[in-house]
Every structure is written in C-alpha cells, then in structure tokens.
Amino acid sequence: MCLATTLAIPKFKALPVLCPKTVLQTPSSNLTLRSYFRTGLYKPPSFPHVLGREASGTIVSTGSGNLHSLKIGDRVIYIGTGAYAEYTIATSLHTSVIPPGISQEVAAASLLQGVTALTLIRESHPVKKGDWVLVHAAAGGVGLWLCQLLKAVGAHAIGTASTPEKRELARSHGAEVLIDYTKDSVPEKVKEVTNGAGVIAVFDGVGKSTFDDSLESIARKGTLVSFGNASGAPDPLVLARLAAKNAKVQRPTLFNYIVTRQEYDGYVQELFKYIQDNNLDPRVHDTYPLAEVARAHQDLEGRKTTGKLILKP
Ligand SMILES: NC(=O)c1ccc[n+]([C@@H]2O[C@H](COP(=O)([O-])OP(=O)(O)OC[C@H]3O[C@@H](n4cnc5c(N)ncnc54)[C@H](OP(=O)(O)O)[C@@H]3O)[C@@H](O)[C@H]2O)c1
C-alpha cells in the first residue's frame with residue numbers, strides 16, 4: 001500500500017516502491033458497487049473505475065503532508081477507493097493502524113461494516129441499554145455487527161432474515177427474536193414482542209421491500225434509520241405519514257460520519273476495542289482469490305452470503 005495525504009491523481013514517479021497487500025477485501029461496498037452501479041442507482045465517480053472501498057495491508061511508501069504518525073511498515077486498514085488491486089493509494093486521514101492481537105484478515109473483515117454499525121447505533125439513533133430495536137437482514141454483514149454491538153450495549157435486537165440458517169446465525173450473534181420476513185408479518189411480531197409498543201429504532205438496510213413494515217413497527221417517537229437499498233431504493237415518503245407516531249426518519253451514510261480524522265480514527269479504534277473486550281466475531285463468509293471476483297459478486301447478489309467476503313490478490 002502507498003500512503004498519500006491527498007486524493008490527487010498519482011504521478012508514476014511519485015510511487016517508486018510498491019508492495020503487496022496481505023489482505024484485500026470486498027465488503028458491503030461490494031453490494032453497493034456491483035448492484036448499485038450495475039442497476040444505475042449510483043454512478044461511479046469517473047471511468048475507468050477500480051472497485052473496492054476498503055482493504056488492509058502494509059505501508060510501503062508515504063507521501064508528504066500530515067501522516068497522522070503513520071509510517072512505512074505499519075500494518076494498516078483504510079477506507080478509500082480502488083481496493084480491488086494489489087497496491088492502493090490511501091489517504092492518511094482514512095488509514096488506521098491495526099492494533100497488536102488483531103490479524104489483517106480480521107481487520108479487513110471488520111472495518112466498513114463494523115464502523116457503519118457503530119455509527120448507526122451511536123449517531124443515527126443513539127441506542128440505550130434496554131431498548132428494543134429491529135434489525136433487517138440481521139445475518140448480512142452490517143446486520144451481524146448490529147446484532148453483536150446491540151447486545152454489547154445491553155439493547156434487545158429483533159432480527160429478520162430469509163432462511164433458517166441465517167436466522168440461527170443472527171441468533172448466535174446476539175439477536176433475541178428472529179422473524180422470517182419473507183413469510184411472517186414483521187409489524188405483528190414486533191408488537192407481540194414489545195407488548196404493542198413497537199421498537200424505538202429500526203435499522204433497515206434492505207430498503208424498498210421493508211420500508212413500510214419498518215415504519216409500521218416503530219414505537220411512538222421512534223426512529224427509522226434507512227441506511228441501504230439491498231432490495232432497491234424505497235419509494236418517496238409522504239411526510240405526513242410520520243405524524244401518526246411523531247416518528248423520525250434518518251438516511252445516513254457512513255462517509256458523513258467519518259469526515260474528520262478524529263471521527264474516523266475514533267470509531268475505528270472504538271470498534272477494535274469492542275472486538276477485543278467483547279470477543280466479537282468479524283464473521284468471514286468466504287475468502288476468494290481476486291481473480292474470482294465475479295463469483296464473489298454472484299454470491300452476494302444471489303443472497304447466498306452472510307458476514308464479510310474477502311478478496312486476496
Ligand atoms: N449507509 C451506509 O453508509 C452503508 C454502509 C454499508 C452498507 N450499507 C448498506 O447496508 C446494506 C447491507 O449491507 P451489507 O454489507 O450488510 O450487505 P450484505 O451482507 O450483502 O447483506 C444484505 C442482505 O440484504 C438482504 N436482502 C434483502 N433483499 C435483498 C435483495 N433483493 N438482494 C440482495 N440482498 C437482499 C439479504 O439478507 P436475507 O437473505 O436475509 O434477506 C442480504 O444478505 C446494503 O444496502 C448496503 O448498501 C450502507
């Protein structure tokens with residue numbers, strides 16, 4: 001990995017030394033990039049475009065400017081662009097040292113989805129001990145992190161997932177009640193579990209197919225956090241619908257929570273601490289050779305995966 005302090009287009013001579021990353025992974029952003037780019041929901045910023053939003057590796061070269069104490073030889077993890085590659089330029093602002101005791105693979109499996117989950121329960125809806133919360137796609141990458149973090153803070157997670165295996169996995173990662181949202185009524189089950197009150201927050205990364213159920217499942221003064229579009233973008237919302245419960249709707253993106261170095265590195269180090277203190281499981285679905293990236297994308301798009309997919313160059 002090469003470390004630079006800006007995202008300016010690199011000049012060839014500015015990159016004299018390159019070394020292989022030990023791990024290169026493709027995460028939730030994978031879903032975004034493959035599915036959202038393919039369907040045209042999101043547009044790549046420019047062409048040619050190298051996919052991949054995060055990776056772990058070793059710094060082999062640095063640029064000038066504020067390096068935030070990073071140096072050649074550090075084992076690091078970063079959020080950026082162009083991660084489907086053997087070498088990547090990363091900004092120092094969004095690069096963090098991996099603490100001793102955490103492998104590069106575990107770090108790669110944790111970053112984007114884990115930090116997303118952490119920002120969701122801290123900022124999108126600050127979850128408190130004892131809260132009842134609904135997590136859609138609870139066995140997905142972000143979903144498993146949400147289940148584990150919610151348990152760690154003493155909240156109660158109700159999870160949804162499409163297969164018995166996925167529901168069992170979510171249960172083993174902290175969800176207390178599981179719903180088959182392909183068959184059963186989510187609002188009815190939520191009401192049953194919460195004595196009619198509903199949940200104080202819904203974390204919904206599925207989007208179009210779950211939005212209405214999510215809105216119906218929240219409690220008075222609750223928050224619907226719509227953070228993804230796995231099934232497509234939700235339909236436009238008629239604001240008056242929120243009046244029925246004085247509900248709030250949030251549409252956050254991780255990148256607006258990690259703009260400053262303090263925000264980014266603070267969340268990354270907090271996530272690593274959660275992993276170490278609570279023995280959290282950064283579940284890896286599978287590790288694919290980079291040459292087989294198409295298979296990884298097919299598995300993701302076919303809803304066959306749980307947790308993280310890692311690519312190795
Ligand atoms: N806002 C942000 O900053 C941010 C950051 C990271 C991720 N995200 C978003 O969060 C969501 C989850 O990300 P992830 O990394 O956890 O993805 P993931 O591991 O692929 O999980 C997505 C899950 O969504 C469910 N799903 C329901 N309908 C689907 C459909 N039509 N196609 C595919 N999957 C479907 C599947 O679970 P079941 O089979 O159980 O239904 C699938 O496992 C995505 O929408 C992603 O874009 C947002």
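Of the 313 residues of the protein chain in this predicted model, 47% count as buried. The secondary structure of the chain comes to 8 helices and 15 strands. Among contacts between residues at least 6 apart in sequence, 66% join residues at least 24 apart.

**Stop 1: the open sheet**

Select strands β8 to β13. These strands form an open sheet of 6 strands with parallel pairing, in the order β10-β9-β8-β11-β12-β13. The edges are β10, residues 177–180, and β13, residues 248–250, each of which pairs on one side only. From one strand to the next, the twist averages 20°.

Which residue of β12 is the bridge partner of F203? The partner is V225.

**Stop 2: helix α3 on the sheet**

Helix α3 lies across β8 (132–135), β9 (156–161) and β11. Relative to β9, the helix runs at about 165°.

**Stop 3: helix α4**

Keep α3 and β9 displayed and select helix α4, residues 164–172. Its buried residues are K166, R167, L169 and A170. They cover an arc of only 160° around the axis, and therefore sit on the same side of α4. Against which elements do these buried residues pack? They pack against α3, β9 and β10. Just after α4, G174 takes a positive phi of about 120°.

**Stop 4: the crossing of α2 and α7**

Two packed helices are described by the angle between their axes and the distance between the axes. Select α2, residues 104–124, together with α7, residues 261–278. Their axes come within 10 Å and cross at roughly 95°, so α2 is roughly perpendicular to α7.

Show the side chains at the contact.

**Stop 5: helix α8**

Move to helix α8, residues 293–301, and colour its residues by burial. Here A296, H297 and L300 are the buried residues. Seen down the axis of α8, they fall within an arc of 95°, so they line one face of the helix. An α-helix has 3.6 residues a turn, so residues three or four places apart point the same way. On the other side of α8, A294 and Q298 are exposed. Just after this helix, R303 takes a positive phi of about 60°.

**Stop 6: I59 in its loop**

Finally, select I59, which lies in the loop between β3 (54–58) and β4 (61–62). Is I59 buried or exposed? I59 is buried, because 22 other C-beta atoms lie within 10 Å, and a residue counts as buried at 20 or more. I59 and Y87 are 28 residues apart in sequence, while their C-alpha atoms are 9.8 Å apart in space.

Note on methods:
Residues numbered from 1 in each chain as written. Predicted model: local features only at pLDDT ≥ 70, side-chain atom pairs only at ≥ 80, totals over all residues. Helix = DSSP H or I, 4+ residues; strand = E, 2+ residues; numbered from the N terminus. Buried ≥ 20, exposed ≤ 12 C-beta atoms within 10 Å, placed from the backbone. Pairing = 2+ DSSP bridges. Axes fitted to C-alpha atoms, helices over the stretch in contact; angles between N-to-C directions. Contact = placed C-beta atoms within 7 Å. Parallel < 35°, antiparallel > 145°, perpendicular 65-115°, else oblique. Arc of directions from axis to C-beta.
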